[in-house]
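The following questions and answers concern the structure shown below.

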Amino acid sequence: MSVRAGGGDVGATSLVEWLPQNHLSPFIADIVEIQLDLTKVYASYAKSKGQPPYDPRLMVRVLLYGCCVGIRSSRELARVRVDMVAFRWLAAQQALDFRSIA
């Protein structure tokens with residue numbers, strides 16, 4: 001499963017253009033995509049029932065970036081995911097709610 005930060009549609013990919021050059025969020029996305037091994041997380045997701053889960057990479061991006069900028073509350077992360085371009089881009093425009101983040 002491949003997930004590009006910013007999503008796949010034209011509106012989502014243009015979000016990265018709104019970020020200042022050398023912004024932290026593309027660096028976080030690259031680390032999560034290239035450096036982290038999430039195979040155990042994916043294996044545990046395969047066993048889950050109910051609604052399909054969000055891609056673990058999206059969740060890790062949002063959580064890691066939130067920690068880097070001092071936002072650790074799941075409710076606050078859900079709020080800024082809508083209000084802040086970097087969070088919206090990292091979440092690939094997915095509507096993460098605080099229950100999913102927590």
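**Burial and contacts**

Q: Is Leu24 buried, partly exposed or exposed?
A: Buried means under 20% relative accessible area, exposed over 50%, and partly exposed in between (1.4 Å probe, protein chains only). Leu24 has a relative accessible area of 32%, so Leu24 is partly exposed.

This is a predicted model, in which local features need pLDDT of at least 70 and side-chain atom pairs count only at pLDDT 80 or more, whereas totals for chains, interfaces and linings use all residues. Residues are numbered from 1 along each chain as its sequence is written, and side-chain values use heavy atoms, with hydrogens and water left out.

Q: Is Ser25 buried or exposed?
A: Ser25 lies in helix H3; helices are DSSP runs (H or I, at least four residues), numbered from the N terminus. The relative accessibility of Ser25 is 0%, so Ser25 counts as buried.

Q: Which residues does Ser25 contact, leaving aside neighbours within four places in sequence?
A: Contact means heavy atoms within 4.5 Å. With those neighbours left aside, the residues in contact with Ser25 are Leu19, Tyr65, Ala86, Trp89 and Leu90.

Q: How do the rings of Tyr65 and Phe87 pair: stacked, tilted or edge-to-face?
A: Rings of Phe, Tyr and Trp (its six-membered ring) pair if their centres lie within 6.5 Å; planes under 30 degrees apart count as stacked, over 60 as edge-to-face and the rest as tilted. By this rule there is 1 aromatic pair. The ring centres of Tyr65 and Phe87 are 4.9 Å apart and the planes stand at 70 degrees, so the pair is edge-to-face.

Definitions and conventions:
Helix = DSSP H or I, 4+ residues; strand = E, 2+ residues; numbered from the N terminus.
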